[in-house]
Amino acid sequence: MPDDSGDSGLSGASIPGEVLVEARKVSRIFRLGAEEIRAVDDVSCQAREGRLITVRGRSGSGKTTLLNQLGALDKPDEGEVYFRGRSVNGLSEGERTNLRRHNFGFIFQSFALLPVLSAFENIELTMRIAGRSTAERVDRTHEVLDMVGLGERADHRPFELSGGEQQRVSIARSIANRPSVLIADEPTGELDSITGLEIMSLFRRIVDTDGLTVIMSTHDPALSQFADESWLMDDGRLEQVEGELDIDIPELRQRIEFVEN
Ligand SMILES: Nc1ncnc2c1ncn2[C@@H]1O[C@H](COP(=O)(O)OP(=O)(O)O)[C@@H](O)[C@H]1O
Ligand SMILES: [Mg+2]
């Protein structure tokens, strides 16, 4: 497990702490008749490489709308979104699809697995769509199922799995194509609190071992104890950023061990 943050930067492959996704003065405005809702209101934020970020806030505060902007699923009405320093606003639909397919993984509250396919097939299909070879698909699917602790459940269909296991399959699917950013919208929303903590510690492990960036929304403040950073949304505004540049990895590891044992 790579746990040495000091040995860095010399390979040139990636810059530790590089800003992957950035929003600059982003607003998203919905109009309902005469009413104007600023679902995201003048938000600026940066998601750096290798961080686990939670986006907190009550229902309706704009978490989903913000994640949709950061994941290039939706376009801002004002401001700009950047991926690795390149503006996303100007991309065509096809370019945005490509950007999402190769750089982002998405996880939803409802798991969004295809019910007629096994766990294995659900994951493999995503890799097929991304144009991976058969050999690579098979190897990688087994690998990601092992990573989420479901190596023995490859042939099970979603209805044969618990909610927590289904969410693990969708996490495995989201990392199969080796994205740099995972966007997870209330991934623990349908799970009981213990299962939610297990999913959270799985995210922590993925971030620590694979250097991915996870941006996940939650209305459960308890989950933010696992995060490197926590953003607080209120009425479309990004009100507070906690924990930025204030990471205590050994302490986080202890918390994970506590939950996993
Ligand atoms: N497609 C839409 N059309 C109109 N209003 C929307 C739409 N999506 C979200 N909203 C409104 O924007 C605000 C923020 O919603 P949302 O981002 O879903 O919040 P959260 O995810 O924090 O619950 C809410 O007032 C919601 O009703
Ligand atoms: Mg939401």
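The shell around ligand 1 comprises four nonpolar, seven polar and one charged residues, where Ala, Val, Leu, Ile, Met, Phe, Trp, Tyr, Cys and Pro count as nonpolar, Asp, Glu, Lys and Arg as charged, and the others, Gly among them, as polar. The model is predicted, with local features requiring pLDDT of at least 70 and side-chain atom pairs pLDDT 80 or more, whereas totals for chains, interfaces and linings use all residues. Residues are numbered from 1 along each chain as its sequence is written, while chains are lettered from A and ligands numbered from 1 in the order of writing. Residues surrounding ligand 1 (C-beta atom, placed from the backbone, within 6 Å) include F30, L32, K63 and T64. Helix 1 contributes the most to this shell, with three residues; helices (H or I, at least four residues) and strands (E, at least two) are DSSP runs numbered from the N terminus.

Strand 3 (residues 52-56) and strand 9 (residues 229-234) run parallel and are joined by four bridges, with V55 standing opposite W231 in strand 9.

N103 lies in helix 2 (residues 93-103) and is in contact (C-beta atoms, placed from the backbone, within 7 Å) with F83, P179, S180 and V181, neighbours within four places in sequence being left aside. The C-alpha atoms of N103 and I175, 72 residues apart along the chain, are separated by 9.8 Å.

Definitions and conventions: Two residues are in contact if their C-beta atoms, placed from the backbone, lie within 7 Å. Two strands pair if DSSP finds at least two bridges between them.
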